[in-house]
Structures are given as structure tokens and as C-alpha cells.
Amino acid sequence: MSDSFNLNDVKADGDIVFGNKKTEHHYHQQNKTRLSVLFEKLNCEFENKEEISGLIDDLNRYIISRDVIGLEQKLTDGNREDLIEDALWLKEEYYKKLTKFQLYNSAQKIQACLLASILEKFTYKIRPLIRANSTDIEVSKAISNEIINPLMQLIEQEGIEDNLLGFSATDIEGMIYYLTGRCHIKWT
């Protein structure tokens with residue numbers, strides 16, 4: 001018996017194998033961030049009408065006011081009366097979005113995550129500028145560059161720009177004034 005083969009007339013679109021062929025497939029799942037996972041969960045919760053009652057602790061800490069001074073007084077104390085009219089509108093627009101989706105666990109987690117990020121960035125990047133008597137233009141530019149733009153880039157980068165919450169730069173700015181009104185952010 002001979003182990004030789006004649007392949008002169010053989011035609012194939014793929015490999016010609018005599019014996020066993022081992023093939024390995026490597027699938028690389030893109031690492032997902034906490035936000036992208038939460039937005040996916042929110043879509044499922046919304047489709048399945050998986051509503052909850054009450055607020056999660058992480059969000060509730062931002063809902064409760066720390067004192068009763070309020071948004072207008074905070075901006076007045078910080079010599080930013082020029083922002084009051086827009087700030088009141090932006091805060092209200094964000095509040096509508098907050099309450100519209102408050103029955104969804106993932107929406108609450110997303111809101112808490114973004115509010116925490118805004119509070120941290122304002123406390124450590126914006127407030128020092130205010131306290132150093134930076135100009136209003138410098139402070140506004142820093143708010144845009146340090147808070148609004150990075151959060152919008154994060155949302156867009158995750159491919160979640162078409163999310164149920166529909167976050168925009170207006171919403172992110174509204175969150176700043178919401179936190180100011182609840183006395184988590186100070187302008188002095």
C-alpha cells in the first residue's frame with residue numbers, strides 16, 4: 001500500500017488537508033465600561049418595563065439638599081448673577097429627565113455616576129479657579145473643557161449617543177446647576 005497521492009487534477013477553494021486540521025478561532029470582546037453596560041441594561045429594563053420603587057442610595061445622596069440656600073443665592077454669592085436665568089432653565093430641564101427615568105434602576109445608576117463625576121471635577125478643577133479669582137471666561141471655559149466636553153465624549157465614545165436618556169451637553173450643564181441648587185456645588 002502506498003501513501004502517495006496524485007493531486008494534479010484537484011482544485012479547491014480552501015485548504016487541502018490529508019489527516020487532521022486543527023483550527024483555532026480567537027474572539028476578542030471589546031472591554032465595556034460601567035456606563036456602556038448600564039446603558040445596555042437600561043434598554044432591557046425599559047423594553048421589559050422593569051420598574052422599581054424608590055431611589056438607590058447613590059442617587060438619593062444628590063437628591064437631598066445639603067442646606068437651603070438654593071441655586072440663585074449660590075450664584076449670587078459667587079458673583080455669577082449673569083448665569084441665573086439660564087441656570088434655572090438648565091436645572092429644570094435636567095430635573096425633568098431625572099424624574100422621567102427614575103423608575104429604572106440602571107437609569108438611577110447612570111445619573112448617580114454622572115453626578116458624582118461632575119461633583120468631583122467641579123470640586124477639584126473648577127472651584128480652585130473660582131477661589132483664585134479667575135475670570136468668568138476662564139471658569140466657563142474650564143467648565144466646558146473639564147466637565148461638559150469630556151462627559152459628552154465619553155457618552156459618544158461608548159456608542160451610547162442614541163441612549164434612552166438622550167444626554168446632551170445641555171443636560172450635563174443642567175446637572176451642574178442641579179447640584180448647585182442642592183448645595184453640593186459652591187461657587188465661592
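Axes, as the word is used here, are lines fitted to C-alpha atoms, for helices over the stretch in contact, and the angles between N-to-C directions run from 0 to 180 degrees. The structure is a predicted model, in which local features need pLDDT of at least 70 and side-chain atom pairs count only at pLDDT 80 or more, while totals for chains, interfaces and linings use all residues. Residues are numbered from 1 along each chain as its sequence is written, and side-chain values use heavy atoms, with hydrogens and water left out.

**Overall make-up**

The protein has seven helices and zero strands, where helices (H or I, at least four residues) and strands (E, at least two) are DSSP runs numbered from the N terminus. Read from the N terminus on, the order of elements is α-α-α-α-α-α-α. Of the 188 residues in the protein, 36% are buried; buried stands for under 20% relative accessible area, exposed for over 50% and partly exposed for what lies in between, with a 1.4 Å probe and protein chains only. Among contacts (heavy atoms within 4.5 Å) between residues at least 6 apart in sequence, 75% join residues at least 24 apart.

**The nonpolar core**

A nonpolar core is a set of buried Ala, Val, Leu, Ile, Met, Phe, Trp, Tyr and Cys residues joined through side-chain atoms within 4.5 Å. The largest such core has 45 residues, and those with the most contacts inside it are Ile-110, Ile-118, Phe-122, Phe-167, Ile-176 and Trp-187. Two or more residues each come from H1, H2, H3, H4, helix H5 (105–131), helix H6 (136–157) and helix H7 (169–181), and H5 gives the most, with 10 residues. Leaving aside residues up to four places away in sequence, Phe-167 touches Phe-39, Tyr-94, Lys-97, Ile-110, Gln-111, Leu-114, Met-152, Ile-155 and Met-175.

**How the helices pack**

For their angles, under 35 degrees counts as roughly parallel, over 145 as roughly antiparallel, 65 to 115 as roughly perpendicular and the rest as oblique. For the contact residues, Ala, Val, Leu, Ile, Met, Phe, Trp, Tyr, Cys and Pro count as nonpolar, Asp, Glu, Lys and Arg as charged, and the others, Gly among them, as polar.

| Helix pair | Axes | Angle |
|---|---|---|
| H1 and H5 | within 8 Å | roughly 150 degrees |
| H5 and H7 | 10 Å apart | about 70 degrees |
| H6 and H7 | within 9 Å | roughly 125 degrees |

H1 and H5 cross at roughly 150 degrees and are therefore roughly antiparallel to each other. H1 passes H5 in a left-handed crossing; a crossing is left-handed if the near helix is turned anticlockwise from the far one by less than a right angle, and right-handed if clockwise. On the H1 side the contact is made by Arg-34, Leu-35, Leu-38, Phe-39, Lys-41, Leu-42 and Glu-45, and on the H5 side by Asn-105, Ser-106, Ala-107, Lys-109, Ile-110, Cys-113 and Leu-114. By class, these residues of the contact of H1 with H5 divide into eight nonpolar, two polar and four charged.

Ser-106, which lies in helix H5, counts as buried because its relative accessibility is 1%. Not counting residues up to four places away in sequence, Ser-106 touches Leu-38, Lys-41, Leu-42 and Glu-45.

H5 and H7 pack at an angle of about 70 degrees, which makes H5 roughly perpendicular to H7. Here Gln-111, Leu-114, Leu-115, Ile-118, Leu-119 and Phe-122 of H5 meet Ile-172, Met-175, Ile-176, Tyr-178 and Leu-179 of H7, and the residues of this contact divide into 10 nonpolar, one polar and no charged.

H6 and H7 cross at roughly 125 degrees, and that makes H6 oblique to H7; the crossing is right-handed. Ile-143, Ile-147, Ile-148, Leu-151 and Met-152 in H6 meet Ala-169, Ile-172, Glu-173 and Ile-176 in H7, a contact with eight nonpolar, no polar and one charged residues.

Ser-117, also found in helix H5, counts as buried at 19% relative accessibility. Ser-117 and Ile-147 are 30 residues apart in sequence, and their C-alpha atoms are 8.3 Å apart in space.

**Two loop residues with positive phi**

Lys-49, in the loop between helix H1 (34–47) and helix H2 (57–63), has a positive phi of about 50 degrees although it is not a glycine, and at 64% relative accessibility Lys-49 counts as exposed. Asn-79, in the loop between helix H3 (71–77) and helix H4 (84–100), is likewise not a glycine and has a positive phi of about 55 degrees; Asn-79 counts as exposed at 57% relative accessibility.
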